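Please look over the sequence and the structure shown below before reading on. The briefing then takes up a pair of helices and, after that, a strand with its partners.

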Amino acid sequence: MKRPERVAVIGVGILGASVGWNLSRHGAKVVFIDAGQPGEGVTNWSFSWVNASNKTARKSYFDLNVAGMAAYRELARTIGPDSWWYPSGHLRWTDDLAAEAKLLETAELLASWDYRVEVRTGAEVRRSLEPALTMLGEVPVVFYPDEAWVHGRQLVARLVGQAVAAGAEHRFGTAVCDIGTGADGSIRTVVLSDGGSLDVNAVVNAAGPSASHVAGLIARRLPMRREPGVVTRIGCAHVPVHRAMHAPHIEIRPDGDTSVVLHSREIDALIDTGQDPAQLARLLHESARHVVPELGNSPIAQTRVASRPIPDDGFPSVGAVPSVPGYYEAVSHSGITLGPVIGRLLASEILCGTRDEMLADFGPERFPQ
């Protein structure tokens, strides 16, 4: 396979930034294209939890996420961890007995797969990890010490900045409105909404929720789920929690020194009922206050309902589409966890033409045209 001379990366969230950074550092000419600004879309409105403990439905998917965690540790050594990397572990507990049994069963499974997991009591967690929490002293709390959270917007800025310093170009605030192909069906051009056109011979579709639209520009069908989520940021003079956690009815994590991020699948279920986002934010805030009373006095700063980029079967779509030479996909839920490993593996596939076995279950060709 001929090495591409110029690669357009469409969508500059964590996946696009990771692919482009890896391509650039190996000498490829990269053009980042985003209708908005890098890292400001779904990446900025994600719970941003780096984990494999929530990925047990398929062993190959679990293994890919474990590789994603390792890729983060390597990335932190390579570019420096400041401002974006927070490997402080993750806590999970529940107030439902059936859910508690399932949580402990999953912990046993993960331990059998050599994934580090500890089961503590609520009293132990308050004493040694999170004194601001309210929880019953005897409740079992699962602690995953190797998990982390990421400041996605900061990481994307770092990766794009390094790629640009190495010669990458960018077109931000500009959408892709067409992709041109040659007589042999291979990628030739990308047409932009500002009227410009770029000569390229490879395209990476990392457009997140818009990935299906981008695929349609080459007459490809990429089925995606419709699964919106609401995320709220709470402004804090003092951030009372130290790590990401799944508490009863609410997910909470720090977001730097002045805010906390809140999310809940239960509140997501109310999005389509017509609830105003401000009301959803108040419900999130109320749930968080029951777990961390100190958050009760902290104001709601920002709220966003965002669409998650999830292929129809729930698993990533990563790699080449053989019917359109030069077209590649990098579309996935859990993009935060998978960004660095997908970035490395897909860049290698683009530059060398060889596909890593770790991606065997996640190729785009599984979606019939």
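How do the axes of helix 1 and helix 5 come together, and at what angle do they cross? The axes of helix 1 (residues 14-25) and helix 5 (residues 152-165) come within 9 Å and cross at roughly 25°. This is a predicted model, in which local features need pLDDT of at least 70 and side-chain atom pairs count only at pLDDT 80 or more, while totals for chains, interfaces and linings use all residues. Residues are numbered from 1 along each chain as its sequence is written, and side-chain values use heavy atoms, with hydrogens and water left out.

**Helix 1 and helix 5**

- The two helices are therefore roughly parallel to each other (angles under 35 degrees count as such).
- On the helix 1 side, Ile14, Ala17, Ser18, Gly20, Trp21 and Ser24 meet Leu155, Val156, Leu159, Val160, Gln162 and Ala163 of helix 5, where contact means heavy atoms within 4.5 Å.
- By class, this contact of helix 1 with helix 5 has eight nonpolar, four polar and no charged residues.

- Eight of the eight residues of strand 14 (residues 228-235) are buried, so the strand is largely enclosed by the rest of the structure (buried means under 20% relative accessible area, with a 1.4 Å probe and protein chains only).
- Pro228, Val230, Thr232 and Ile234 point one way from strand 14, whereas Gly229, Val231, Arg233 and Gly235 point the other way.
- Strand 14 runs antiparallel to strand 18 (residues 300-307), joined by seven bridges, and Val230 stands opposite Val305 in strand 18.
- Strand 14 also pairs in the antiparallel sense with strand 17 (residues 259-263) over five bridges, and there Thr232 has Leu262 as its bridge partner; two strands pair if DSSP finds at least two bridges between them.

Note on methods
Axes fitted to C-alpha atoms, helices over the stretch in contact; angles between N-to-C directions. Helix = DSSP H or I, 4+ residues; strand = E, 2+ residues; numbered from the N terminus. Parallel < 35°, antiparallel > 145°, perpendicular 65-115°, else oblique. Nonpolar A, V, L, I, M, F, W, Y, C, P; charged D, E, K, R; others polar. Buried < 20%, exposed > 50% of the residue type's maximum accessible area, 1.4 Å probe, protein only.
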